[in-house]
Amino acid sequence: TEDRTFTQHLHSMGMICDFFPGIFVARQLDGIKFAFGQTIVTTRSCLKAFGGYESIENRPADDLLVGRYIAQQGYKVELLPYAVKTVPDYDSFKELFIKRLRWLTVMRHMRPWGHIGLTFTQGLPWSLAALLTHPADGIGAAYVGAYVLSRLAITWLVGAWGLKQRGLWKKMPLVIFWDASAFVIWLLTFGRRRIRWRNVDYRIHDGMLVPVAPNPASDSPR
């Protein structure tokens, strides 16, 4: 809510056309075995059973791990039937790029097979490849048309019908821009072991976050 800049509009459209559909696909294929940091409702006994937050404080994607460890206890994890409104906090495309790169890098380490499976969801590059190999016989154009229609349908179903977002059609061209940038970022995550979180660089080693350099703020007197 309260999007104003190009980057903020792009971030919101990325959530609507990419993030939320990915959640629905994960639920359909594997069930809900994760949680989201905005709202996690559980019991103290469920947290205590896997060691609590203290046991995962230095691991990436702690919200995902909470849902995973609770699901491993035999409990059923459900998505809330409510949308949590959030205010955008990215003022530049660079900040959004770093955030997306961090998130996808973490997902590559947390869900490696799912990350590889994104190969088959990259509609824009596949469509462009079809257009380049079949520029004149209509096959390439059919691929591009099918891609555009499916992306618009997905975005409308999630954003307008599901999340009740107003004026969504005005932002639809951002879906193509998001898919292009998301594909580049996805490629950059392969082989990557470093992320940047709150102005500190970390290396992912054996599933743990290790600071690349000491944080000067940690040395200051409290």
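Colleague: Hi! I'd like to start with α8. What covers its buried residues?

Modeller: Hello! The cover over the buried residues of α8 includes α1, α4, α5 (112-117), α6 (123-133) and α7 (139-162). Bear in mind that this is a predicted model.

Colleague: Which residues of α8 are buried, then?

Modeller: They are L174, V175, W178, D179, S181, A182, I185, W186 and T189.

Colleague: And how far does α8 reach from its first C-alpha to its last?

Modeller: The helix spans residues 174-189, 16 residues in all, and reaches 22 Å, close to the 22 Å expected at 1.5 Å a residue. After α8 comes G191, with a positive phi near 85°.

Colleague: Zooming out, how many helices and strands does the chain have?

Modeller: Eight helices and three strands. From the N terminus on, the order is α-α-α-α-α-α-α-α-β-β-β. The chain has 222 residues, and 32% of them count as buried.

Colleague: Where does UniProt place the transmembrane region feature?

Modeller: The unreviewed UniProt entry puts it at residues 113-132, 144-163 and 175-191. In the model, residues 113-132 are 75% helix and 0% strand, with end C-alpha atoms 29 Å apart. For residues 144-163 the figures are 95% helix and 0% strand, with the ends 27 Å apart.

Colleague: New topic: which residues have the most contacts inside the largest nonpolar core?

Modeller: F50, V106 and M110, in a core of 25 residues. Two or more residues each come from α1 (6-30), α2 (44-49), α3 (62-72), α4 (93-110) and β2 (200-205). The largest share, six residues, is from α3.

Colleague: What does M110 touch, leaving out residues up to four places away in sequence?

Modeller: M110 touches P60, A61, L64, L65 and R68. There is also a second, separate core of twelve residues, which includes V158, L168, L174 and W178.

Colleague: Now the strands. In which sense do β2 and β3 pair, parallel or antiparallel?

Modeller: Antiparallel, over four bridges, with β3 covering residues 208-211.

Colleague: What about the hairpin they form; how many residues lie between the strands?

Modeller: Two residues lie between them, and D206 in this hairpin takes a positive phi near 55°.

Colleague: Last one: what size of box do the C-alpha atoms fill?

Modeller: Roughly 65 × 40 × 35 Å, taken along the principal axes. The accessible surface comes to about 14500 Å², and 60% of that belongs to carbon and sulfur atoms.

Technical notes:
Residues numbered from 1 in each chain as written. Predicted model: local features only at pLDDT ≥ 70, side-chain atom pairs only at ≥ 80, totals over all residues. Heavy atoms only, no water. UniProt positions renumbered as here; feature names shortened; annotations may be inferred. Core = buried A, V, L, I, M, F, W, Y, C linked by side-chain atoms within 4.5 Å. Buried < 20%, exposed > 50% of the residue type's maximum accessible area, 1.4 Å probe, protein only. Contact = heavy atoms within 4.5 Å. Pairing = 2+ DSSP bridges. Expected span 1.5 Å × (residues − 1). Areas by Shrake-Rupley, 256 points an atom, 1.4 Å probe, with all protein chains shown as cover.
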